[in-house]
Amino acid sequence: MLGTMMDVPLLLSSILRHAEAYHSDGEVVSATVEGGLHRYTYGELSKRTKKLANALARMGLEPGDRVGTLAWNGYRHMELYFGVSGSGFVCHTINPRLFREQIAYIIHNAADSVLFFDLTFLPIVEELAGQLKDLKAIVAMTDEAHMPKSEALPGLLCYETLIADEPDSFEWPAFDENTASSLCYTSGTTGDPKGVLYSHRSCVLHAMAITMPDAFGFSAADVIAPIVPMFHVNAWGLPFVGAMVGAKLVLPGAHLDGASLYHLFEGEKVSFTAGVPTVWLGLLDWMDTHGRSFTSLKRVVIGGSATPPIMISRFHNMGVKVRHAWGMTETSPVGLAAALKPKHEALEPEAKLALECKQGRPLFGMEFRVAGADGQQVARDGKSFGAMMVRGPWVAASYFNTPHSPAHEEMPGWFNTGDVVTQDEDGFIQIVDRTKDVVKSGGEWISSIELENIAQAHPAIQEAAIVAKPDARWGERPVLVVVLKPGASFTRADMRAHYEGKIAKWTIPDDVVIVPELPHTATGKLSKKAVRQIILEQISGNGPEAFMS
Ligand code: ADP
């Protein structure tokens, strides 16, 4: 017997309609590519989004057609998020930090019909012009005064002109909530990038889930600054949440350095922000150097890669609460958030910090399974580890236009995250490593993340990576690769002294390599693949003279 409740679809346009009706005076502030801050309200956002929807309708797109964006966090990108998806098309956010060949592959694999881009990315679009001939239109997200003259892009359209004469009324269509809304490709650290095709239902449910207090916890009183880019996994759902709860949104545009972020946060009284550890390192270092403190920031969510304990402590010392979270492109992204339970308040500070450093406990809606080598669930004792499988209404069941996916085939109905984890009795999950990053020494596994976190706390070290070095006796041995703080020195003896007493002796790295900088992926994470390459070059004698003795 079916329930007798209304069957109202969960659509992204319903979030915009809600914002228009009840938060029309809520502010959206954007640092623009053209210079200066742009500010308007959810009411104006809604009107301009309807103008955009009318312009898209005129372009002759079919339902489900993909509309690509190469853009920063800004108000026009917000209009595309809601206007494209709300119309029944798919908003395909493209990560401009990917290699050109990957961007070309992605646009081709997605078969985008239209491409919108911020002026910063004109050189990328011009370089790819030859491969974009089949597109219905290419649109520069700017006004006539800033329109570039581009010989490579003869029919280039201007966003403001495109929407200028359109009516600001539009009836958002109703359709099945499982209709595709947005498309984002993984960073392609292993093989070609793979498309994750979100639905209206998955985006709305995910936005509601992260709004819960033990997830990110939002209300209309918040001033939210999504520093995580809108070109990767929908900026962790924050643009949708902002409109849903009516919080002021502050969008940083291209300005992600410590000084710009600090001034934006202080100027706009930002209370909540979210991003990857690398960005926060830049902000905290700049603040230390310039003797600054926060006056409005209360909470920060850090995720995307492991948060070093020292970073949590630095934020705490500035009066900012940290919530560590875990996610993937395939999980929309948020699946875990490290919110302590009331009983944990009585813990000693060190034990509390250790818990806050875990990736977190499952949000309602997400199911996790930690499978040992035999495929069976391992004990929930915080020690036994296995491969983390996940399923839920905002987890990808397959990839777009990519039929074969081992991650989905190993255990039908589950997605293999590629993370090796432990889980304790309260549900807190801790990543021991990426399956491909653990150091396998003498039949035992050494967690590269644990060794990196310890190294990161040393005063001479700016950034640290642990990678495996092939070893005739043990199979693999860990090597520490570091960038030092300006003027600092660090020897192998310093390294041993720093690790001794903190970890089992046999897991202490064999060597330390000092490099001027560490390679990062398109999403700002350490590229272990590239760091491993540095080590291999060292061994073969082709690398720079960097080994300490
Ligand atoms: P990619 O395309 O590189 O997979 P994702 O953003 O989807 O990009 O990355 C997902 C992976 O990032 C996760 O499987 C996990 O290994 C890592 N990750 C995400 N959040 C955390 C975190 N809080 N701590 C440690 N690793 C994390």
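Strands E14 (321–327), E19 (415–423) and E20 (429–434) each contribute at least two residues to the shell around the ligand, and the largest share, four residues, comes from E14. The model is a predicted one, and the points below are grouped by topic.

**Around the ligand**

- Of the 20 residues around the ligand, those that come nearest are Ser187, Thr329, Asp419, Arg434 and Lys525.
- By residue type, the shell around the ligand consists of five nonpolar, 12 polar and three charged residues.
- A backbone N or O atom of Gly304 lies 3.1 Å from a nitrogen atom of the ligand, while a polar backbone atom of Ala306 is 3.2 Å from a nitrogen atom of the ligand.
- A polar side-chain atom of Gln359 lies 2.9 Å from a nitrogen atom of the ligand.
- On its own the ligand has 570 Å² of accessible area, of which the protein covers 92%.

**Aromatic rings**

- The count of aromatic pairs comes to 15, and one of them is the tilted pair of Tyr262 and Trp286, with 5.4 Å from centre to centre and 35° between the planes.
- Tyr262 lies in helix H9 (residues 258–268) and Trp286 in helix H10 (residues 277–289), so this pair ties together parts that are 24 residues apart in sequence; both Tyr262 and Trp286 are buried.
- The rings of Tyr262 and Phe294 also form a tilted pair, because their centres are 6.2 Å apart and their planes stand at 40°, and Phe294, like Tyr262, is buried.
- Elsewhere, ring pairs link Trp72, Phe121 and Phe231 into a cluster.

**A charge over a ring**

- Lys194 lies over the face of Tyr399, at 5.4 Å from the ring centre.

Methods: Residues numbered from 1 in each chain as written. Predicted model: local features only at pLDDT ≥ 70, side-chain atom pairs only at ≥ 80, totals over all residues. Heavy atoms only, no water. Phe/Tyr/Trp six-rings, centres within 6.5 Å; stacked < 30°, edge-to-face > 60°. Buried < 20%, exposed > 50% of the residue type's maximum accessible area, 1.4 Å probe, protein only. Lys NZ or Arg CZ within 6 Å of the ring centre and 35° of its normal. Near = heavy atom within 4 Å. Polar contact = N/O pair within 3.5 Å; in protein donor to acceptor, adjacent residues only side chain to side chain. Areas by Shrake-Rupley, 256 points an atom, 1.4 Å probe, with all protein chains shown as cover. Nonpolar A, V, L, I, M, F, W, Y, C, P; charged D, E, K, R; others polar.
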